[in-house]
Amino acid sequence: MSTRLRRQLLPYILVSPLLVFIGALSFVPTVDTTVEAFFRVMPLDPPTAFTGVGNFRALFDNPVVITSWVNTAVYVAIGVVASVVLGTAIAVALRRRFRFRGVVLALVILPWALPSVVEAVIWSWIYNPTFGVLNSALKSLHAIGGYHVWLGLDRWLTIALIEVVQVWQITPLSALIIMAALQSISPDLYEAARVDGAGPLASFRRISLPLIRPAVAVAAVEALVLSLNIFDQVYILNGIAPLGSSVMLQTYVTTFEDLNFGGGYALSLLVTAATALLSMGMLALLYRRTEGAVT
Amino acid sequence: MTADYQAGSRVARAVDSTAARGLARALSRRPAHAVGRLITLAVILLWSLFPIYWALNTSLTTLSAADSTPAHYVPSPLVGTSYRSVFGIGGVSQDGISSQLGRSLLNSAIEAGGAMILTVVIAVFAAYAFARLQFRFKRTIFVSVLATLLLPAYATLIPLYRIMASLGLVNTYIAVILVYVSGFLPLAIWILYNYFNSIPRELEEAAFVDGASPMRALLRVVVPVAMPGIAAAAIIAFLLGWAQFLFPLVLTTDLSTQPVTVIVAALNQQRIVPFTLMMACGVLAAAVPGVLALILNRYIVEGVTAGSVK
């Protein structure tokens with residue numbers, strides 16, 4: 001009898017540590033953010049009081065916050081497109097067996113495994129206006145006449161070059177996800193297409209692309225979530241200047257530099273909502289197209 | 001010196017000849033195709049590795065060589081001064097960098113390692129329950145845990161900081177580890193859930209026939225078989241922990257708990273640390289995850305792609 005009771009209780013015992021962690025450190029904080037976003041919370045200037053949409057109105061009256069939203073949209077657009085396109089290209093190039101493929105894969109994954117802060121510091125040296133290798137290499141190739149200041153002058157160039165650093169880090173993830181999908185496609189399909197006289201490009205478009213679409217959707221959503229929340233690379237390569245600021249950087253500045261916690265909560269809630277809505281929307285869009293392509 | 005050089009060139013020759021044989025064989029089959037593939041491969045590797053190589057290159061030369069134009073593509077002269085000053089060898093230590101870097105590397109190891117162990121232990125038990133046992137609200141709990149994967153990690157930054165502040169845990173290992181674990185659990189559960197589902201149930205049923213309890217079956221039968229999946233969850237949790245920046249930036253305030261990412265960012269912000277030293281610090285901060293990723297890459301591939309193709 002006691003063994004039966006133990007057996008019935010076992011699942012709850014096994015999941016309870018998980019529930020404590022996720023409950024206390026994920027659900028409670030998420031609810032807290034949602035509630036506090038409508039309060040004035042200033043640790044150095046109490047009291048805390050309900051302000052309704054006051055925090056949100058203040059955010060949208062702040063030109064720096066607006067700039068950071070527009071910047072983030074550009075970070076996301078570049079990040080999603082570039083990492084998915086490059087990831088697909090790498091996946092196609094490395095999907096088949098060849099000598100040293102294991103070694104090549106291990107090396108390709110490396111940028112994903114290293115801390116983004118360290119990577120951003122390395123790229124800041126590559127982009128260095130006086131001694132950076134980017135200037136030096138482009139000059140040697142006669143692509144530029146003189147040395148450029150890459151970061152901090154032109155807004156869009158700064159954003160694009162910072163996003164390159166993130167794309168460099170997250171592309172291996174996209175490549176791995178898409179490669180797994182490519183490898184699960186039956187070789188018979190390609191063989192049949194070849195017999196029917198389809199070239200490599202046609203079989204990629206007609207067979208590979210429709211079948212890897214779910215994987216592309218997953219890779220795109222991963223890139224979306226990561227680029228919408230870009231912080232480390234911006235913090236190192238742009239600092240807290242408005243020029244290349246991202247929403248997450250602005251959340252950090254509002255909360256921990258201006259000590260306006262209410263504003264930080266509101267901004268944080270908006271980023272979370274945007275991330276959830278956009279990622280679900282993107283998933284729905286790409287998945288539906290898949291079904292259409294298959295049937 | 002000469003012995004080293006000869007050994008080096010012997011290795012280089014051996015590598016050359018294998019590569020050449022492979023190349024010749026590939027070329028004899030479909031020449032244009034093979035050359036195209038080699039170029040593609042070279043471009044992919046250049047893109048993936050050049051920045052890392054560049055950090056090594058700069059860290060292994062002198063400041064005057066690193067600051068010369070046009071750039072030197074191999075370290076010349078090849079010197080270890082940057083690493084000597086980072087390690088504080090020979091009295092050339094610079095502004096306490098060596099003590100800061102050493103301590104912060106230790107902090108990173110404790111925080112990433114602690115988070116890894118706790119994440120894996122909790123996730124193994126919970127994922128087993130989700131994969132094998134029946135209980136009320138199973139689906140609801142499972143789906144809501146996985147739903148947090150779609151939320152940005154930083155959504156909970158401010159409340160987590162305030163929770164830790166109110167508990168007096170800011171600037172402790174515990175705060176950092178607890179926050180990491182809550183963030184890494186959903187992914188670890190997903191990886192392990194998929195792995196447990198790929199293990200045939202007959203294995204446990206045999207144990208049950210022998211009179212083992214479900215707990216015993218999990219620990220004695222399932223866990224040993226699931227080791228590759230557990231390794232995947234563990235290495236990914238460790239790498240994620242080592243790479244964290246914004247959470248420790250907020251949750252840690254001094255060298256007693258600051259991980260190496262925070263210290264590298266702080267040194268970089270001072271703008272007075274020479275780039276040769278900065279790159280040596282970067283290489284050391286990236287060495288542990290880099291070496292782990294190279295050795296354990298097949299588990300990373302397994303973990304990252306777990307269940308993504310469905």
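Modeller: Let us start with a term: a nonpolar core is a set of buried Ala, Val, Leu, Ile, Met, Phe, Trp, Tyr and Cys residues joined through C-beta atoms within 7 Å. Please keep in mind that this is a predicted model.

Biologist: How many residues has the largest nonpolar core?

Modeller: Among the residues with the most contacts inside this core are B:Ala123, B:Ala188, B:Leu192 and B:Ala233. Helix α8 of chain B, residues 173-197, gives the most to the core, with 18 residues. In total, the largest nonpolar core has 178 residues.

Biologist: With which residues is B:Leu192 in contact, leaving aside its neighbours within four places in sequence?

Modeller: A contact requires C-beta atoms within 7 Å. With the neighbours within four places left out, the partners of B:Leu192 are B:Ala123, B:Val124, B:Ala127, B:Gly229, B:Ile230 and B:Ala233.

Biologist: What share of the residues in chain B is buried?

Modeller: Chain B is built with 15 helices and zero strands. Of contacts in this chain between residues at least 6 apart in sequence, 73% join residues at least 24 apart. Among the 310 residues of chain B, the buried share is 44%.

Biologist: Why is α11(B) described as roughly antiparallel to α14(B)?

Modeller: Angles over 145 degrees count as roughly antiparallel. Helix α11 (residues 227-243) and helix α14 (residues 275-295) of chain B have axes 10 Å apart and pack at an angle of about 160 degrees. The pair is therefore roughly antiparallel.

Biologist: Into which classes do the residues of the contact of α11(B) with α14(B) divide?

Modeller: From α11(B) come B:Ile235, B:Phe238, B:Leu239, B:Trp242 and B:Ala243, while α14(B) supplies B:Val288, B:Pro289, B:Leu292 and B:Ala293. The crossing of these helices is left-handed. By class, the contact residues are nine nonpolar, no polar and no charged.

Biologist: Is the crossing of α3(A) and α9(A) left-handed or right-handed?

Modeller: Helix α3 (residues 63-94) and helix α9 (residues 200-228) of chain A pack at about 145 degrees, with axes 8 Å apart. Their contact residues divide into ten nonpolar, six polar and no charged. The crossing of α3(A) and α9(A) is right-handed.

Biologist: Which helix gives the most to the side of chain B that touches chain A?

Modeller: Between the chains, 73 residues of chain B are in contact with 74 residues of chain A. The side belonging to chain B has 57 nonpolar, 15 polar and one charged residues. With eleven residues, the helix that gives the most to this side is α2 (residues 31-59) of chain B.

Notes:
Residues numbered from 1 in each chain as written. Chains lettered and ligands numbered in written order. Predicted model: local features only at pLDDT ≥ 70, side-chain atom pairs only at ≥ 80, totals over all residues. Helix = DSSP H or I, 4+ residues; strand = E, 2+ residues; numbered from the N terminus. Buried ≥ 20, exposed ≤ 12 C-beta atoms within 10 Å, placed from the backbone. Contact = placed C-beta atoms within 7 Å. Nonpolar A, V, L, I, M, F, W, Y, C, P; charged D, E, K, R; others polar. Axes fitted to C-alpha atoms, helices over the stretch in contact; angles between N-to-C directions. Parallel < 35°, antiparallel > 145°, perpendicular 65-115°, else oblique. Left-handed = near helix turned anticlockwise from the far one by under 90°.
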